[in-house]
Amino acid sequence: MNVLPSAATRLLVLLGDPVSHSLSPTFQNAAVRAAALDAVYVALRCSAGSLPELLRAIARAGGAGNVTVPHKQLAAATVERRTEAVERTGACNTFWFESGEIWGDNTDVTGIAHALHALPGAPSTGARVLLLGAGGAAHAALDALIGQGAREVVLLNRTAARTELLRDRFAGSSTTTLRAVNCKEDLSGDEFDLVINSTSLGLHADDPLPLSPGSGIRFRAALDLVYRPEETPWVRAVRSGGVPASDGMNMLLYQGAAAFERWWGRPAPIHAMQASLPRSFPDEEISLASHGR
Ligand code: NAP
């Protein structure tokens, strides 16, 4: 059912820079339509200087939204109430107004947890994982891995200082062993249950693979957090070697579904959201189990 904008239409936004490539307006507006809600979701490119004021004004006017690169840390500092996921990761990608306060959550963590659940061959508890990258997505991925009881996570990033910051942020918070390494060569001959790519390699067609087939590193499953209209070159390369792999579309869908739940207090119409994405992708089980705040 289509609902035309009215004087009561709720404004949902994506704040970031850039935002023009985002699929969030596509599937969030599909969700709004499927749930027959009076709302519209738009992407607003904004600078760091204008983010706090914009976020607060939209939330206090009854709106809500998402925050993307490069403002997730600033958003975490801007909201008035933080979920535990925001406290742990230092990043906020979802905000809304509730009980007189501006709330912030990091539903990227939920998105990755669901993407791992849907990944064929993904390990459950006790896994040994190689995490490539140390930016915002890596923080969410590490939080999700710790939440799923990974035994050991090895951290590898181009800039070693950021790897150490990531390790230190989560060190001692769980029984998961965290190890920072400086180069892929240190891991040659090593074996992992899972490799996660949280670098931005793969966004552009001419990027090198985040982990080449000749690296000497063996793994049983791979999750690429990068997504493109077609599957990423790394996902295709890994699969051609007979190893199950998925790209970031599932994460995107599930972080958006969890955000929908925060804004509306009801289950997301996940099938309508999935159907609006530019390509269908394998999903063994579409179920949305919300993370607590
Ligand atoms: P970010 O904070 O800017 O971090 C980017 C990461 O990529 C850093 O670890 C950076 O290493 C690394 N990197 C960039 N260029 C590289 C290169 N040429 N060689 C090796 N490493 C390189 O970004 P982010 O928020 O973590 O996002 C990373 C990617 O995750 C995004 O590009 C996006 O595709 C994906 N993502 C997907 C979803 C989803 O819903 N599927 C959500 C969020 C993010 P340095 O530290 O050395 O710069």
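The lining of the largest cavity divides into 8 nonpolar, 3 polar and no charged residues (Ala, Val, Leu, Ile, Met, Phe, Trp, Tyr, Cys and Pro count as nonpolar, Asp, Glu, Lys and Arg as charged, and the others, Gly among them, as polar). The model is predicted: local features require pLDDT of at least 70 and side-chain atom pairs pLDDT 80 or more, whereas totals for chains, interfaces and linings use all residues. Residues are numbered from 1 along each chain as its sequence is written, and side-chain values use heavy atoms, with hydrogens and water left out. Among the lining residues are Leu116, Pro123, Val129, Leu145, Gln148 and Leu194. The volume of this cavity is about 60 Å³, and the whole structure contains 3 cavities of 30 Å³ or more (a cavity is a set of points on a 1 Å grid over the protein atoms alone where a 1.4 Å probe fits but cannot get out, and lining residues have an atom within 4 Å of a point; grid points are joined across faces, edges and corners, and a volume is the space filled by probe spheres set on the points).

In total, 16 salt bridges are present (a side-chain nitrogen of Lys or Arg within 4 Å of a carboxyl oxygen of Asp or Glu). One of them joins the side chains of Arg128 and Glu152, at 2.7 Å from N to O. Because Arg128 belongs to strand E7 (residues 128–132) and Glu152 to strand E8 (residues 152–156), this pair ties together parts 24 residues apart in sequence (strands, E, at least two residues, and helices, H or I, at least four, are DSSP runs numbered from the N terminus).

Note on methods. On a 1 Å grid over the protein atoms alone, a cavity is a set of points where a 1.4 Å probe fits but cannot get out, and a pocket is an open set with protein on both sides within 12 Å along at least five of seven lines; lining residues have an atom within 4 Å of a point.
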